[in-house]
Amino acid sequence: MRPAIIFGTRPEIIKLSPVIRGFLEKNVEPLLIHTGQHYDYEMSKIFLEELELPEIDYHLEVGSGTQAEQTGIAMIKIEKVLMEEKPDVSIVQGDTNTVLAGALASVKLLIPVAHVEAGLRSFDRTMPEEINRILADHASEVLFAPTEEAKKNLEKEGIVENVYVVGNTIVDAVLQNSEIAERKSKILKELGLKEKEYILVTAHRKENVDYREKLEKLVDILTSLPLTVVYPMHPRTKKRLEEFGLINKLNKENIIITKPLGYLDFLKLEKNAKIIMTDSGGIQEEAIILGVPCLTLRYNTERPETVKAGGNILVGLEKERVLYYVTKLLEDEEFYEKMASAKNPFGDGNAGKRIVEILLELKAKGKLKVRSSNFLNSLE
Ligand code: UD1
Ligand code: UDP
């Protein structure tokens with residue numbers, strides 16, 4: 001069995017690390033293909049090092065660009081590698097341009113695609129990620145849905161074969177690394193922070209930061225918060241804040257801006273935050289896993305399980321709404337505890353192992369292939 005694992009961004013490295021480990025435990029060496037969608041040290045290599053992943057086989061150096069440029073260049077480069085290596089399956093994770101490129105390039109070479117984190121839907125087609133998710137799911141042969149809700153989304157689109165509910169590999173990653181983070185990370189001391197006395201913020205989503213008026217709203221929210229704010233800043237956001245001349249507005253005594261952090265430091269910051277405020281997908285998941293109330297700076301989410309479980313509230317970029325919930329969380333202990341004790345809906349931390357076992361079994365049974373149909377006999 002020779003699986004190819006295709007990834008290119010920070011969250012894909014983190015969420016695929018349990019799958020890579022799962023294969024290595026079974027003495028299967030996956031072919032690792034990094035598109036280079038993320039390329040700064042602190043957006044990519046730091047995770048490969050911290051998570052002790054094996055050497056990457058192919059660095060494709062796709063880099064940044066428009067949606068089509070990035071996806072197109074990634075497709076062309078991935079196709080070349082796949083034609084040469086002919087893996088048994090291409091594994092992709094999530095909803096980035098790398099995922100779409102990997103899925104399309106593979107299936108057209110008749111290499112079956114296994115999609116990890118299949119079936120998520122925000123039902124917001126203005127998000128590039130929503131288009132990527134839908135298309136990747138429809139190009140896939142094997143669909144690893146994290147929850148029953150995700151499986152239902154697939155069913156509604158007619159995808160019913162080879163769908164497995166396995167949990168989300170983010171639980172595996174958090175469980176495998178949070179104890180190490182607790183021990184090794186010195187980030188609280190470095191930033192002069194006390195446990196449960198700060199709000200951890202991240203925001204990088206295109207629809208929040210690429211438009212001046214939206215970014216102004218975000219800045220207005222952050223500068224109104226009544227607690228210390230720690231914001232490890234994504235390069236997209238930094239670039240836009242500079243471009244729109246808004247970066248200096250965040251020069252405030254209670255706001256700490258850092259470069260993007262490694263996983264151990266970030267996990268430590270998450271675990272010890274009073275509140276997490278984010279537009280990230282993975283961080284909405286990690287917040288409920290770690291038992292930290294999450295306010296999501298979006299108007300919808302493809303992780304509705306977190307909202308239903310009571311650990312996450314959508315606040316959009318509505319300052320009044322944000323401040324209402326921040327105040328309530330700080331002043332109403334019962335409300336805080338209820339959010340903090342919401343049950344993790346993403347599984348037990350064995351998703352990576354399950355994914356590997358299922359793929360090995362499908363391969364052994366000769367079922368790991370792109371479906372085709374043959375109506376000829378039935379016509380005779
Ligand atoms: C991408 C994903 C998004 C995911 C995020 C994870 C798509 C459509 N979006 O968004 O779903 O949540 O990754 O972080 O695939 N940049 C750097 N250095 C880097 C990487 C990016 O400076 O190492 C800057 C560039 O200016 C680039 C911008 O960030 O244009 C955006 O990067 P890109 O990969 O296109 O999208 P993300 O916002 O990172
Ligand atoms: N993360 C990190 N350092 C940071 C910010 C995030 O290690 O400075 C991790 C975080 O713990 C989570 C993942 O990156 O596992 C989320 O990535 P991101 O928010 O970029 O993408 P999304 O999940 O929204 O696709």
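In this predicted model, an N or O atom in the side chain of Ser280 is 2.7 Å from an oxygen atom of ligand 2. A backbone N or O atom of Gly282 also lies 2.7 Å from an oxygen atom of this ligand, and the side chain of Arg10 brings an N or O atom to 2.9 Å from an oxygen atom of ligand 2. Taken on its own, ligand 2 has 530 Å² of accessible area, of which the protein covers 95%.

The surroundings of ligand 2 can be described residue by residue and then by element. In total, 19 residues surround ligand 2, and the closest are Arg205, Leu261, Ser280, Gly282 and Glu286. Sorted by class, this shell has 10 nonpolar, five polar and four charged residues. Two or more residues of the shell come from each of the helices α1 (10-25), α12 (263-271) and α13 (281-290), and α13 gives the most, with four residues.

| Residue | Atom of ligand 1 | Distance |
|---|---|---|
| Asp40, polar side-chain atom | nitrogen | 2.9 Å |
| Gln70, polar side-chain atom | oxygen | 3.4 Å |
| Arg205, polar side-chain atom | oxygen | 3.5 Å |

Taken alone, ligand 1 exposes 750 Å², and the protein buries 91% of that area.

Around ligand 1 there are 21 residues, the closest of which are His38, Asn97, Glu129, His204 and Arg236. By class, this shell is made up of five nonpolar, 10 polar and six charged residues. The helices α3 (67-85), α5 (128-139) and α11 (235-243) each supply at least two residues of the shell, and the largest share, three residues, comes from α11. Both domains take part here as well, with at least three residues of the shell around ligand 1 drawn from each of domain 1 (3-168 + 347-378) and domain 2 (184-340).

In which pocket does ligand 1 sit? Ligand 1 sits in the largest pocket, and ligand 2 sits in the largest pocket too.

Notes: Residues numbered from 1 in each chain as written. Chains lettered and ligands numbered in written order. Predicted model: local features only at pLDDT ≥ 70, side-chain atom pairs only at ≥ 80, totals over all residues. Heavy atoms only, no water. Near = heavy atom within 4 Å. Polar contact = N/O pair within 3.5 Å; in protein donor to acceptor, adjacent residues only side chain to side chain. Areas by Shrake-Rupley, 256 points an atom, 1.4 Å probe, with all protein chains shown as cover. 1 Å grid on protein atoms, 1.4 Å probe; cavity = no way out; pocket = protein on both sides within 12 Å on 5 of 7 lines; lining within 4 Å. Sits in = over half its atoms within 2 Å of the grid points. Nonpolar A, V, L, I, M, F, W, Y, C, P; charged D, E, K, R; others polar. Domains from an automatic or database assignment.
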